Amino acid sequence: MTTVSMTVNGKAVSEDVEDRTLLVHYIRDHLRLTGTHVGCDTSQCGACVVHVDGRAVKSCTMLAAQAEGADIKTIEGLADGDTLHPVQAAFKEHHGLQCGFCTPGMIMCAVDMIRRIPNLDEKTIREELEGNLCRCTGYQNIVKAIKAASEEMRA
Amino acid sequence: MSGTGIGQPVRRKEDQRFITGSGRYTDDFQLEGQAYGYFVRSPHAHAKIKSIDSAAALAADGVVAVLAGKDLAADELGGLICGWMVHSKDGSEMKAGAHPALAVDRVRYTGDHVAIVIAETLAQAKDAAELVEVDYETLPSVSDGLKALESGAPQIHDEAQGNLVFDWELGDKAATEAAFASAAHVTKFSLNNNRLVPNAMEPRAAIGAYEPASGDYTLYTTSQNPHVARLVLSAFVQLVPEHKLRVVAPDVGGGFGSKIFIYPEETVCAWAAGKVKRPVKWTAERSESFLADAHGRDHHTDAELALDAEGKILGLRVHTTANLGAYLSTFASSVPTYLYGTLLSGQYNIPNIYVTVDGVYTNTAPVDAYRGAGRPEATYVVERTLDAAAREMKLDPAEIRKRNFISEFPHQTPVIMNYDIGDYPASLQKALELIDYKGFANRKTASESAGKKRGIGFSTYIEACGIAPSAAVGSLGAGVGLWESAEVRVNPTGSVEVLTGAHSHGQGHETTFAQLVSERLGVPIDNVEIIHGDTNSVQFGMGTYGSRSGAVGMSAIDKAIDKVVAKAKKIAAHMMEAAESDIEFADGNFTVAGTDKQLAFPEVSLAAYVGHQFPTDEIEPGLKEGAFYDPTNFTFPAGCHICELEVDPETGATEIVKMVAVDDFGRIINPMIVEGQVHGGIAQGIGQALLEHGIYEPESGQLLTGSFMDYTMPRADDLPHFDVGLTETLCPSNPLGIKGCGEAGAIAAPAAVMNALSDALGVMDIPMPATPHTVWSILQQTN
């Protein structure tokens with residue numbers, strides 16, 4: 001067992017976990033933050049993307065122990081109280097989700113994308129979404145939502 | 001009513017929980033005292049189980065139980081069923097082998113279910129599963145449908161000699177032969193329809209729970225139709241009587257057909273909970289989804305089209321070999337027969353059709369309905385073969401379609417279906433304009449000068465949705481009628497709860513169904529709640545598949561609303577001391593004709609519950625009505641998809657430059673949601689055409705494309721922007737005029753893409769998926 005301590009959505013947490021515990025399982029099963037999803041076992045789908053020290057990371061690609069001392073943000077911590085983050089609002093406005101399962105990972109990925117890249121165009125957004133799978137939307141409205149949010153946040 | 005009524009792009013009510021991480025999917029539930037199940041699966045495609053030794057596993061840390069097929073058999077549980085009877089040409093019933101939830105003495109595909117290890121933690125269950133010693137005697141296996149029919153092929157079920165489950169026919173053989181004899185031109189075309197893995201992003205999951213004091217079972221599961229799961233588990237598997245089993249399908253992360261079926265894992269979790277007297281949870285890893293979710297398609301087809309000298313179709317003859325996998329899944333037999341052969345007339349006036357289908361057991365995962373289910377396969381046969389004919393006869397692909405379109409309705413095809421309404425030239429014309437067909441020649445020239453090969457391809461598809469009229473499907477072999485139910489419950493304050501047997505797993509029912517209520521009762525949409533997915537809340541229902549929830553599910557709601565309005569009018573008449581026949585209801589207000597007397601809907605609903613002076617011989621208190629709606633016909637969404645693409649001959653890479661879809665879905669409740677459905681369907685169709693392929697290694701029967709590393713899911717940069725348009729003919733077969741929109745993209749797109757590719761390469765015979773390697777290889781052969 002290993003003791004891990006980190007900040008998740010602004011709250012300090014500390015717990016003993018089995019050494020092999022992945023960050024995503026720590027978040028879901030120990031912290032009961034189930035908005036972060038597991039859609040594959042090969043780090044391909046991106047449903048588990050969270051922010052680790054401000055950067056988008058697939059939380060199935062690291063052990064909970066590797067996040068020791070890190071500042072983690074999950075989909076549950078993205079909105080400011082009742083005020084949605086512009087990316088969340090854009091996904092709703094532009095119908096960027098259907099079943100909702102890939103959505104938290106998509107949104108967390110998009111927030112980081114917008115932070116890193118000014119003036120996102122459609123082609124860049126599609127390339128940046130390489131690591132996130134969606135089976136419902138055909139991506140068109142996800143791309144549209146990210147572009148709209150990007151423009152709004154730059155305005 | 002504007003704003004939130006029918007036809008408005010209302011933003012989805014369900015989104016708030018999904019965008020904030022508050023959705024509740026099956027794996028998100030943690031029940032008090034739950035243990036974790038992990039399945040021991042067959043590593044072999046075909047083997048005898050000589051023995052299972054679970055002693056070491058049972059002794060491992062945290063292990064609660066190891067249960068195998070003999071334990072299931074000892075409890076006298078029934079096997080899983082296939083709910084659609086198909087007959088062979090000679091009238092005999094299909095030859096179905098047993099399908100136990102856990103194998104007893106034989107495994108028949110890689111991933112087949114051997115035992116469940118239940119432990120305190122998932123890690124302990126996985127570790128202990130490694131310790132279960134299964135002594136297998138491996139047997140030869142066969143994964144290809146055609147090879148399974150060859151003499152000497154491994155025999156998979158004793159019941160189906162030569163692995164033939166059925167050899168089914170439809171249509172008039174003699175008349176079709178006569179049509180071919182008189183034809184000026186006959187086109188012969190052979191084609192594959194590649195095996196697909198549905199891959200909803202949420203893997204399947206189940207939690208079984210058991211209350212010893214009451215004997216009640218609860219199954220939380222990723223289901224598109226929880227009531228059907230309850231019916232099968234109680235009546236056929238005989239786990240527990242129906243009233244002692246609650247099935248809950250909470251938020252479900254996509255289905256595409258794969259979550260219709262009653263699978264071994266869900267069955268075993270429910271049963272095991274009773275054995276170990278605590279909740280048992282299982283969530284599929286993606287590799288398990290690949291191995292053991294029902295797959296889709298997998299056809300080999302030989303088609304022949306007879307035409308007169310002007311390109312008018314005289315007859316169509318089709319023979320298909322359908323790979324059904326190692327067991328018959330819940331609706332497996334219906335997909336390559338009644339959902340396929342019946343659609344072979346396409347949008348065309350084809351006087352004679354004869355189709356035969358061999359349904360075949362193989363050592364592969366069961367094959368069942370996947371988005372479109374039979375109709376994509378039919379569309380692919382018709383649209384590709386017609387293009388082959390057009391090329392041979394040097395006819396424009398748009399022109400040959402126009403010459404053969406059905407133009408008068410209703411139209412009886414020679415393969416059962418009676419098309420009620422449509423306007424096929426209208427959708428073709430609109431699509432031609434959207435893609436700028438006239439400008440194509442210039443664009444092709446420009447591509448050629450840049451060293452690229454450009455092609456354009458059509459798919460004027462039809463589907464049968466709104467599944468389905470119970471009498472019709474019953475006569476075709478369905479084990480159940482396919483109506484839908486609804487209950488509309490008006491609360492005293494005028495807010496409304498709708499309980500529906502349909503299930504939403506991405507379709508947005510919580511919004512569209514509420515739009516119907518808002519429109520009809522004049523109630524603000526925020527005062528409408530749609531309740532689904534729990535057999536304890538909702539009366540019996542048939543669930544969501546086959547683009548049925550609008551046409552059938554909403555029609556049931558509409559019918560229940562009729563009853564609510566009729567009763568509310570009685571109450572309003574009593575309250576306003578007027579004759580019931582003088583009461584009018586519009587925009588949420590009851591008025592007495594010719595007077596200024598008026599009552600708002602909430603005033604009447606309140607009176608329905610708290611009124612003291614009803615004439616109770618005429619009016620019972622309360623305002624709650626239920627309805628069951630059985631459609632009178634299938635619905636027939638149809639349209640035209642056109643794909644324009646460019647091939648790089650150096651690499652074989654295909655880039656879709658433009659994808660146009662013009663669909664006629666009848667009345668649209670929410671255009672934003674409908675467009676989203678079309679987008680998703682097209683993405684899956686393009687995936688089938690260019691990327692996706694479930695491949696078994698022929699010798700070993702191992703699934704080679706068993707993860708997202710190997711199986712190419714469409715990603716954002718694989719797909720183009722889709723241009724979506726609509727035409728509208730209102731469906732006469734249901735009160736709302738709805739046809740359904742969930743599957744069109746997956747049905748239409750593969751043929752459009754492959755016809756475009758054939759146009760670009762000048763070659764008809766291109767297998768799906770047309771990967772860069774496939775395309776490059778064809779170019780090497782043709783150059």
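## A loop residue in chain A

A:S43 sits in the loop that runs between helix 1 (23-30) and strand 3 (49-52) of chain A. The model described here is predicted. The phi angle of A:S43 is near 55°, a positive value in a residue other than glycine. With a relative accessible area of 24%, A:S43 is partly exposed.

## Other backbone features

Most residues other than glycine have a negative phi, and most peptide bonds are trans. Chain B holds exceptions of both kinds. B:E76 has a positive phi near 55° and belongs to the loop between helix 3 (69-74) and strand 4 (106-107) of chain B. Its relative accessibility is 66%, so B:E76 counts as exposed.

The peptide bond from B:I467 to B:A468 is cis, with omega near 0°. B:A468 lies in the loop between strand 18 (453-462) and helix 14 (470-475) of chain B. Another cis bond joins B:M768 to B:P769, with omega near -5°. B:P769 is placed in the loop between helix 19 and helix 20 (772-782) of chain B.

## The contact between the chains

Chain B contributes 55 residues to the contact and chain A contributes 47 residues. Together the two chains bury about 4,300 Å², and 51% of this area is on carbon and sulfur atoms. B:I19, B:M201 and B:R715 account for 18% of the area that chain B buries against chain A, more than any other three residues.

Across this interface there are 29 residue pairs in polar contact, both residues being at pLDDT 80 or more. On the side of chain B that touches chain A, helix 1 (15-19), helix 4 (122-129), helix 9 (286-292) and helix 18 (671-691) of chain B each supply at least two residues. Helix 18 of chain B gives the largest share of that side, 8 residues. By type, the residues on that side of chain B are 25 nonpolar, 17 polar and 13 charged. The interface of chain B and chain A also has 5 salt bridges. A:R135 and B:E692 form a salt bridge through their side chains, with an N to O distance of 2.8 Å.

## Nonpolar cores

The largest nonpolar core has 216 residues, and those touching the most other members are A:F91, A:L129, A:I146, B:M659 and B:L757. Helix 19 (residues 744-761) of chain B provides the largest share of this core, 12 residues.

Neighbours within four places in sequence aside, the contacts of B:M659 include B:I642, B:C643, B:I682, B:I686, B:P720 and B:H721. B:F722, B:D723, B:A749, B:A752 and B:V753 are also among the contacts of B:M659. Another core lies apart from the largest one; it has 47 residues, among them B:L521, B:I525, B:I530 and B:M554.

## Helix 7 of chain B

Helix 7 (residues 226-236) of chain B is largely enclosed by the rest of the structure, because 8 of its 11 residues are buried. The buried residues are B:P226, B:H227, B:V228, B:A229, B:R230, B:V232, B:L233 and B:S234. Strand 10 (216-221), strand 11 (245-248) and helix 8 (264-276) of chain B are included in what covers them. Just after helix 7 of chain B, B:Q238 takes a positive phi of about 60°.

B:R230 makes a salt bridge with B:E242 (4.0 Å, N to O). This pair links distant parts of the chain, with B:R230 in helix 7 of chain B and B:E242 in the loop between helix 7 and strand 11 of chain B, 12 residues apart. B:R230 is buried at a relative accessible area of 15%, while B:E242 counts as partly exposed at 29% relative accessibility.

## Further salt bridges

Over all chains the structure holds 48 salt bridges. One of them joins A:E122 and A:R126, whose closest N and O atoms are 2.9 Å apart. Both residues lie in helix 4 (residues 122-128) of chain A, 4 residues apart, which is about one turn of the helix. A:E122 is partly exposed at 32% relative accessibility, whereas A:R126 is buried at 6% relative accessibility.

In chain B, the side chains of B:E265 and B:R204 form a salt bridge (3.1 Å, N to O). The two residues are 61 residues apart: B:E265 is in helix 8 of chain B, and B:R204 is in the loop between strand 8 (185-193) and strand 9 (205-211) of chain B. B:E265 and B:R204 are both buried. They belong to a network of salt bridges that links B:R41, B:R204, B:E265, B:E266, B:E288 and B:D293.

How values were computed: Residues are numbered from 1 along each chain as its sequence is written. Chains are lettered from A and ligands numbered from 1 in the order in which they are written. This is a predicted model: local features need pLDDT of at least 70, side-chain atom pairs count only at pLDDT 80 or more; totals for chains, interfaces and linings use all residues. Side-chain values use heavy atoms; hydrogens and water are left out. Contact means heavy atoms within 4.5 Å. Buried area is the accessible area (1.4 Å probe) that two parts lose on being put together, summed over both. A polar contact is a pair of N or O atoms within 3.5 Å; within protein, one must be able to donate a hydrogen and the other to accept it, and residues adjacent in sequence count only if both atoms are side-chain atoms. Ala, Val, Leu, Ile, Met, Phe, Trp, Tyr, Cys and Pro count as nonpolar, Asp, Glu, Lys and Arg as charged, and the others, Gly among them, as polar. A nonpolar core is a set of buried Ala, Val, Leu, Ile, Met, Phe, Trp, Tyr and Cys residues joined through side-chain atoms within 4.5 Å. Buried means under 20% relative accessible area, exposed over 50%, partly exposed in between (1.4 Å probe, protein chains only).
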